[in-house]
Amino acid sequence: MPDFARSAHPGVQAQLDRLSMLSPAGDRLGLERISALLDRLGRPQDRLPPVLHIAGTNGKGSTVAFLRAALEAAGHKVHAFTSPHLVRFNERIRIAGKLIEDEELSALLTEVLDKSDGIEPSFFEVATAVALMAFARTPADACILEVGLGGRLDATNVVEQPLITGISDLALDHQHFLGKRLIDIAGEKAGIAKRGVPLVAQNYPPHIARRIGEIAAAAGALWLPRGKAWDAKLRDDRLHYRDGSGELDLPLPGLAGEHQTRNASLAIAMLRHQRALAVCADAMAEGMRSARWFGRLQLLGPGPLTDKLPGRRVWLDGGHNRSAALAIARQMAEHAPFDLIFALTRTRRISDVLGPLAPLVRKAHTIPLPGHPHHDPRDIAVLAQSKLGPRECYPAFTLDQAIERLAKDPEGRPDVLIFGSLYLAGEVLAANGEIPD
């Protein structure tokens, strides 16, 4: 999937253009290229503060947000590397709490690309190298790394001795890289396990959990699955967490959606099962309340886009697989029937992503994803009306056209959900002036 970015900064854009010419498009797994590149750059991965490494299919980005919020509430300076970005490349790299500045990003991209001759690193491998260089050169107390794709062969897996590792919820996704069965995908995610390092995991079906446990044991990692080593439950509008060290009574996450309690619980478990970073219960509670993660069941604020839909609440989520769609459908059921703006990349099955939401939708408007391989909005509309069940479904040529149609709808003002792609989420945030900071 092409993942190249645009920047308003000429120096950054010059290097991104250079990267697009030098690097083969698409995802590529394997540690050979990133290892060779980092060797040329002086192995910055060996000079990082304590690393918290997170893999998973859904929820790993939100887990990063909860980890960072709690650590910062405890007074720690935190580096964070996440992907993909929504609006600006800079969102991927947070140095000691702040997004990387354009001048530093330009200089680091130049330095990494200058050292990449003959290696042909991927876009993500270059982004990883830039992040590790930035983190190694700036003092901080902790470093959070989010896996890009899989785990075992992901570029972030060059860190040989993280402080702790974690695996969020699993689902079928990227099967052409990770395997066609959930057990295969679980095996790839569990590949971040390291000797002597705790591996904190969610609860999964028995055969999936068994596979992760086998890989953890083979690596010499300490496997800490939910339901055995730790657990968390909702009760009386609070999150009640317990493990071998005791119990915590925590507020519900500030991020919308019941599924966020699972991500927040994983973050708490990871913090509780490490000893290098002091994080008190009050800091964990503040992290639950204050964590922010753009484009994930986000209620958009006032802006140029939402101002065109007065009286309506507009929700945005970049989910793009069946598991994410099921989670969003559960949360949005209380707002049904709602109107939907939907787009989907070509590698996704329309029925998988649209199907769980379709029964809740009053009218759907399907749009393209310019610059990315995508399903034709007309094809989505035909399938939706013939098999999936929205009352009405209309193809549109642009996001603006879909918004205009909603604005002219005389039949009421239900909530609006924009869903199906992180690329679309970035376009929406930019259009509404809500740039991740």
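**View 1. Pairing of Leu 52 with Ile 144 in a predicted model.** Leu 52 has Ile 144 of β5 as its bridge partner. Strands β1 (residues 51–55) and β5 (residues 142–146) run parallel and share four bridges; pairing requires at least two DSSP bridges between two strands. Strands (E, at least two residues) and helices (H or I, at least four) are DSSP runs, numbered from the N terminus. The model is predicted, so that local features need pLDDT of at least 70 and side-chain atom pairs pLDDT 80 or more, whereas totals for chains, interfaces and linings use all residues. Residues are numbered from 1 along each chain as its sequence is written, and side-chain values use heavy atoms, without hydrogens and water.

**View 2. The open sheet of eight strands.** The strand order is β4-β3-β2-β5-β1-β6-β7-β8, with mixed pairing. At the edges, β4 (98–99) and β8 (222–225) each pair on one side only.

View 3. The bond between Ser 83 and Pro 84 is cis, with omega about -10°; Pro 84 occupies the loop between β2 (78–81) and β3 (93–95). A cis bond also links Ala 336 to Pro 337, with omega near -10°, and Pro 337 belongs to the loop between α11 (322–332) and β14 (338–342).

**View 4. Positive phi at Asp 236 and Asp 237.** Although not a glycine, Asp 236 has a positive phi of about 55°; for Asp 237, likewise not a glycine, phi is about 60°. Asp 236 is exposed at 68% relative accessible area (exposed: over 50%, with a 1.4 Å probe and protein chains only), and Asp 237 is exposed at 64%.

Terms used: Buried < 20%, exposed > 50% of the residue type's maximum accessible area, 1.4 Å probe, protein only.
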